[in-house]
Amino acid sequence: MSIHALRGMNDLMPPDSQIWQEVERKARELFGRYRYEEIRTPILEDMALFTRSIGDTTNIVEKEMYVFQDRNAKWVAMRPEGTASVVRAYVEHKLYADDPIARFYYMGPMYRYERPQKGRFRQFYQMGVEVFGIASARLDAEVINMLDLYLKELGLTGYELEINSLGCPMCRPNFLRAFFDHLRKNEERLCGDCKRRMERNALRILDCKEPECQKVAEEGPSIQDYLDENCEKDFDIVLETLGLLGSTYKVNPKIVRGLDYYLKTTFEFTSSALGAQNAIAGGGRYDGLIRLLGGPNIPGFGFAIGIERLVDILKAQRAAAEPERTGVFLAAMGDKAYSEALKIAGQLRKEAVPVDLDYEGKSLKAQMRRADKIGSRYVVFLGPDELSKKTVGVRDMVSGGQEDVPLAGLMQRIKKT
Ligand code: HAM
């Protein structure tokens, strides 16, 4: 009997792994320019870390967490997200002692026991950033703009930034009271979960997936109408700065996010190319979380991108375009030429040129077919004739042109394009 991967858990294979590498490389490079540094935290954590920070009435904690007792009967959880772990590490290692300002980025697998569907998996990868120690609304805008620039640098199109303010512990209770009254009046329309959550955490009804619950939420009061002066001023600064930095946005008062730790700025990047699971990335401000997890009163802000979803759209966009040809295929004929070809391959690779070749003495025609199939940009011919003349034949697979090039000038010819 054959063994299969678990439901909702994917293998990453070529050619997708190539886009993943590009996506990760570009993130490291861009986030590095803003002075973010990498942090890696364990996949397994004390279960209490997530119940406390994400909130025990959220979908993630109530229904989706992979939790189990380890061999010592301790309750542990496979991380459903990265923020709680990064905050835990920051607090545990007292990274604030010297300087409360810290910028981290991370990438790695997260686990949520959701019903798998397009764009929704049980193991999925996130790439995220967290900034600690800066309470300014300008920071919010800069981080959001950085994410926007990142997506643009990857060539992503057709996405949207939706932004909201969730208010703060001073003004949110006013909204919650009004919202609760509205829910009370419509209680019989709500699903069982929402009825139950209404008393303890009314905000969660805003991210319920049941259409009727969504309708009830839609008809209710808007959080935007309940922001106090300070939250309103900060939200204006966020929007103004985003405009200044060239990021377009749409204010959407229903962006509340599925995790309890947020206040003030919250946002999502969405794409209609994704279908029902349309969020590529999401994040916001979480000023109370560091204290909640035992640290000092230090503010926090961050986001996470879903890598599978990002790669999915990039793939679809690129499939529509002509695939780019890269690298060299060395087509050798005869034993001597094979040995020489291996040497040349080594030299080209040393200069960062991707090289492929045949090892089995296949016919020239078969070698050409392979070069075409794997998308080589150049085919370099090397037979007894070329060997004696110390030249190689170079065919450009894009233009179709072919020329003889002295062996010593091969690198220069390849690098010309
Ligand atoms: P989140 O919105 O739960 O936020 O997840 C961020 C992104 O991860 C989503 O926008 C989506 O692209 C991807 N994602 C979430 N669940 C799945 C799934 N089951 N399958 C595939 N992709 C998924 C957070 O996790 C916060 N920690 C973000 C953050 C960082 N806030 C502040 N700092």
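**Close-up views of a predicted protein chain**

**View 1. Strands β7 and β9 run side by side.** Strand β7, covering residues 159–165, pairs with strand β9, covering residues 263–271, in the antiparallel sense over seven bridges. Here, strands pair if DSSP finds at least two bridges between them. Look for Ile163: its bridge partner in β9 is Phe267. This is a predicted model, so local features need pLDDT of at least 70 and side-chain atom pairs count only at pLDDT 80 or more, while totals for chains, interfaces and linings use all residues. Residues are numbered from 1 along each chain as its sequence is written, and side-chain values use heavy atoms, with hydrogens and water left out.

**View 2. Eight strands make an open sheet.** Follow the order β1-β5-β6-β11-β10-β9-β7-β8, with mixed pairing. At the edges stand β1 (37–38) and β8 (250–251); each has a single partner strand, so one side of each has no neighbour in the sheet. The whole protein chain holds 15 helices and 16 strands. Both kinds are DSSP runs numbered from the N terminus: helices are H or I with at least four residues, and strands are E with at least two.

**View 3. Leu176 sits in helix α6.** This helix takes in residues 172–185. Leu176 is partly exposed, because its relative accessible area is 29%, and that class lies between buried (under 20%) and exposed (over 50%), using a 1.4 Å probe and protein chains only. Setting aside neighbours within four places in sequence, Leu176 is in contact with Ala202 and Leu203; contact means heavy atoms within 4.5 Å. Tyr34 is 142 residues away from Leu176 along the chain, and their C-alpha atoms are separated by 37 Å.

**View 4. Here is the largest nonpolar core, with 50 residues.** A nonpolar core is a set of buried Ala, Val, Leu, Ile, Met, Phe, Trp, Tyr and Cys residues joined through side-chain atoms within 4.5 Å. Val87, Tyr90, Phe132, Phe179, Leu183 and Leu190 touch the most other members. Helix α4 (residues 83–92) gives this core its largest share, six residues. Not counting residues up to four places away in sequence, Leu183 touches Leu190, Met198, Ala202, Ile205 and Val216.

**View 5. A second core stands separate.** This one has 44 residues, including Met127, Ala137, Ile144 and Leu154. Across the protein chain, 52% of the 417 residues count as buried.
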